[in-house]
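This report is written for someone meeting the structure for the first time.

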Amino acid sequence: MPDVQALVNDFVLKLKRRKIEGSHASAQHTAELLRSVISHQRMPYTNQAGALIDAVKAVGEQLIAANPVELAVGNIVRRVLHIIREEDLSSTATAIEGLGLSAGSDDDDEGQHEDRPALSAAALAAAARSTLRAPSLQTLLEDIPDSAAAPQPPSSGGDSEGKSKSADKNIRSRKLKHDVIEAINELIQDIDTCHEQISEQAVEHIHQNEVILTLGRSRTVKEFLCAAKEKNRSFRVFVAEGAPRYQGHVLAKELVSKGIQTTVITDSAVFAMISRVNMVIVGAHAIMANGGVIAPVGINMVALAAQRHAVPFVVVAGSHKLCPLYPHNPEVLLNDLKCPSDLLDFGEFSDCMDFGSHGGSPLLHVVNPAFDYVPPKLVSLFITDTGGHNPSYMYRLIADYYSADDLVVKRRSTS
Amino acid sequence: MDLRRAPRTVIDPKVRQVGFVTPGAAPPPARSHSVATDACSTSPPAPDLSLPGSSISPVMIPPPRHASADGLSSLTRPAAAVHVPASPLRHDTVQIPIGSYNPSEILLGSSPMISPSSRLDAGSEFSDEVPTSAWLSRRGSGKFASSFPASSGEMMAMKTTGGGGGGNTPKSSLTTASVVKTLPGVSEKDGGALIEMQNEGTSKPQKQKTSKAERRAIQEAQRAAKAAAKEAGGVKPSASSGGAIPALKQGKVVKHSPQKKDGPQVTAPVTTSEKKVVDRLPEKDRKKDVPHPRMQFDDKHRVEKAKRRAVVNQSEARNRVELFRHLPQYIHGTQLPDLESKFFQLDPMHPSVCKVGLQYLSGDISGGNARCIAMLLAFKEAIGDYTTPPEKALVRDLTAKISSYVSFLIECRPLSISMGNAIRFLKNRIAKLPHTLSESEAKSSLQSDIDRFINEKIVIADKVIVRHAVTKIRDGDVLLTYGSSSVVEMIFLYAHELGKHFRVVVVDSRPNLEGQALLRRLVAKGLNCTYTHINAISYIMHEVTRVFLGASSVLSNGTVYSRVGTACVAMAAHAFQVPVLICCEAYKFHERVQLDSICSNELGDPDVISMVPGRKYLNHLDNWADNENLQLLNLTYDATPSDYVSMIITDYGMLPPTSVPVIVREYRREHLWI
């Protein structure tokens, strides 16, 4: 599959050069790339899911390494892995069910499946999903027999499949690939339409005469506000311009074109204005598993100001921004330092920044980080395409989307 | 002696009561008060004085006389006490010499009481160096001494030593205050005052009982001060400043003016006319205590009126932000050409004032100190060229002139609070000009007043602040500053000169990008700098150990009114547990209070927001004014809540924000008589 490899290389290069920016774009590109990887993957007779997983992991590893700060890429890789596992499990489950119904109890499959032929397909699927999740209250509530919920190594599905009858195999192998691609298509569509689903909730959160503050530009925020406006809510928006990218200017222009009362303020005036603001709505770069947010630089300042004045701090983000990792020192490790020329004119200060002049270390350093980390205690609410959630619920939401085995995307040296 | 002592001991608790009234540093002043009074009463020489004094004080009606005597005594005693309470705030330990000077039981006993006042780390730390330096620098000018931290100590010392030496105890303190006027009656009056103080009868305690509320006490004290001033002739300022703080309650002093008339030795030549003025003054003063409400620009009626008077043609900006209707906002650039064309027609405007106005308008002069100095220098020049028109009084006419200049400057750019304070000072000086002075004398006295204000309140104050602040810089520190503050820059440079190794983080923000100029100057001096913008504040704050910020003004609820963005920086520092040190000269303090940044602020030119310098492709907001839904807001100041501030470094020392009202109060008193 040279063509796929070329695509991967191309994408890796773009990521490395930061040609693709923004979590939405990179998520979409990643999903499309993985789809073509899977569709070009030749399926072996045994352990098909394992092969797919390995292929995806191989590509995913490269992509993540290309831009570790762009967490959406890793998220999508993990989502795809999760999809493969789920599809595999459910196809196994249906196969077992079929076997159980047709062949009765003379099934020669391995013993671990024998004790649950009577379960319904739905229960099986639930059980299969539950094996991928961290143990939680919900698992207990679903009332599944212990035996069914017993941990089942995902790869064993492939193994068992390999042992099942060859007549089913062909059909199922083709079906697996097909199903996975279908699911990935769904994922891509989800990423595309997450704005709509989020903005549907806008009317529940924005009331008449509300004063809203936002910083920088986020497409999700824009759609969210516009949706509220379309429902004939009239409200006022303060847009902090978001130096050094000044994307706030763009957002202001877009909002004004929709007829929303917009006021552009400098970033430094955030604290001054926040006392008159009813709600802060911002977009995010990524949402971490602890409920912390990686967001464009400056948002932590806004969050602190909002907390000081007890203003709700709402983060709107599509589910592709949910990252299953817990942040450690995110300000440094999950950050990008941008070009100093955004802040200082090189012509004016280049002599001071010269490493050659003052014994190796220049007198002047310029710090221009791209992201801020907002700790979960400063966030009041997350609005995702699945509804509103507390920061403390994020870990649970993440368990729905990711398989616990994929948190570290690395090819196993063996198998 | 016994008689005298008894009432005083009774008084002491009362005095303390008054002391509690002082908001921030109540306990220390109270203690020092009592100490002072004790010192007066118990020091052996005092009685000797009182003996001659008693002969002087035969007054017609005994009870009032006592009252008046109380007033006088309160005057003199306060004169001692005033300095004392002031000093603990500034440099507590300055007083220690006093204690040491007088080994007498009471003082010794009291000195430990004083020491608690040095609870402020700052105060205790600094007391050694700062006071001495200030003192030394100021020593030559005894009359100004009162305005400085050390002066209180100095005066106290003088006084006490005087007391020890003989009868001139009070005189010395009073004379220091009154040297300015050098009135003939001073010494006599002092003597009389002291004497009367000694004589003061038992009536005082009763009166004190009657006065409960602090406000009332202060008013009465003011009245007492006025009366004393009347007596003293020209010495009024000193007296008032002296009398106000201790706020002893000799309520009736004013009414006892007959008594003063009776005492011919005591009263100065200036008589009835001034007395009337004095009588009216208390009312005015009380009103003055409350700052005037500022002009609200959403009040159409008043705006119309103001417009009719305006020199500058201004057109209201379009697309104004609803929230800020009460603030003036004009289209930038429309005023300048208009003014320039009028440059030669503005008869009433002095050219130097006009020049300064234009500089404000174009932004050539910015920064609290720079603007204030420019304005004062312009006024000085204008005063130099001033001639009193025939049939007009200099005092009235010049005040009106200055007022017209000020309103012109306001039209160019709203006044900063520091400028307001300076103007108040100048008008006060004009109003207090003795009628006896000739025009040229009056002018030169005003000009020297202005010079003194600039020198003492700004230049030397900055030096004192730098001395204080440098002690807070240690090797290896990472110091953060925001925007460009002249004092903070001086601190960094001085610390660098001292050979301290530290790194400076300059945080900047649009639209002014003042930090770049500061950065340029610091780097040129060889300081190690890091530059970033305000959005990255939480990124950079991890490595910062101290935050030094300048201020446009410090309001009496501890709010720091400063360049917009300061609050964000202070907030981030607070969140990361980094100490925030505000450096601000005491003349910028103001008794106004403010809770948010919206009620009073200044609106800058909105157009600068739409243009990002050096980024031509960022032109999304061109022609923004065409769309009525879009507004740009360019705030100039914001208000930092006091709980984000760890310490305020001022020329009086280093204090917590809760002590600001005390400084404001003390300063205002002092203000009257420098």
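## Salt bridges

A salt bridge is counted here when a side-chain nitrogen of Lys or Arg lies within 4 Å of a carboxyl oxygen of Asp or Glu, and by this rule there are 21 salt bridges over all chains. This is a predicted model, in which local features need pLDDT of at least 70 and side-chain atom pairs count only at pLDDT 80 or more, while totals for chains, interfaces and linings use all residues. Residues are numbered from 1 along each chain as its sequence is written, chains are lettered from A and ligands numbered from 1 in the order in which they are written, and side-chain values use heavy atoms, with hydrogens and water left out.

In chain A, the side chains of R217(A) and E254(A) form one of these bridges, at 3.1 Å from N to O. R217(A) sits in the loop between β1 (211-215) and α12 (219-230) of chain A and E254(A) in helix α13 (residues 247-257) of chain A, so the pair ties together parts that are 37 residues apart in sequence; helices (H or I, at least four residues) and strands (E, at least two) are DSSP runs, numbered from the N terminus. R217(A) is partly exposed at 34% relative accessibility, where buried means under 20% relative accessible area, exposed over 50% and partly exposed in between (1.4 Å probe, protein chains only).

E489(B) and R521(B) meet in a salt bridge of 2.8 Å, N to O, and because E489(B) lies in helix α24 (residues 486-497) of chain B and R521(B) in helix α25 (residues 514-524) of chain B, the pair ties together parts that are 32 residues apart in sequence. E489(B) is buried at 12% relative accessible area, whereas R521(B) is partly exposed at 35%. A salt bridge also joins the side chains of E514(B) and R563(B), again with a value of 2.8 Å, N to O, and it links E514(B) in helix α25 of chain B with R563(B) in strand β6 (residues 560-563) of chain B, 49 residues apart.

## Nonpolar cores

A nonpolar core is a set of buried Ala, Val, Leu, Ile, Met, Phe, Trp, Tyr and Cys residues joined through side-chain atoms within 4.5 Å. The largest has 128 residues, of which V280(A), F313(A), F379(B), L480(B), M541(B) and V547(B) touch the most other members. With residues up to four places away in sequence not counted, V547(B) is in contact (heavy atoms within 4.5 Å) with residues including L480(B), M541(B), V569(B) and L581(B). A second, separate core of 36 residues includes V8(A), L52(A), I83(A) and I181(A).

Among the buried residues of α20(B) are N369(B), R371(B), C372(B) and F379(B). The buried residues of this helix pack against α19, α21 (394-412), α22 (417-431), α23 (439-470), α24 and β10 (637-640) of chain B.

## Cysteines

C354(B) is buried at 1% relative accessibility, and C194(A) is buried with a relative accessible area of 1%.
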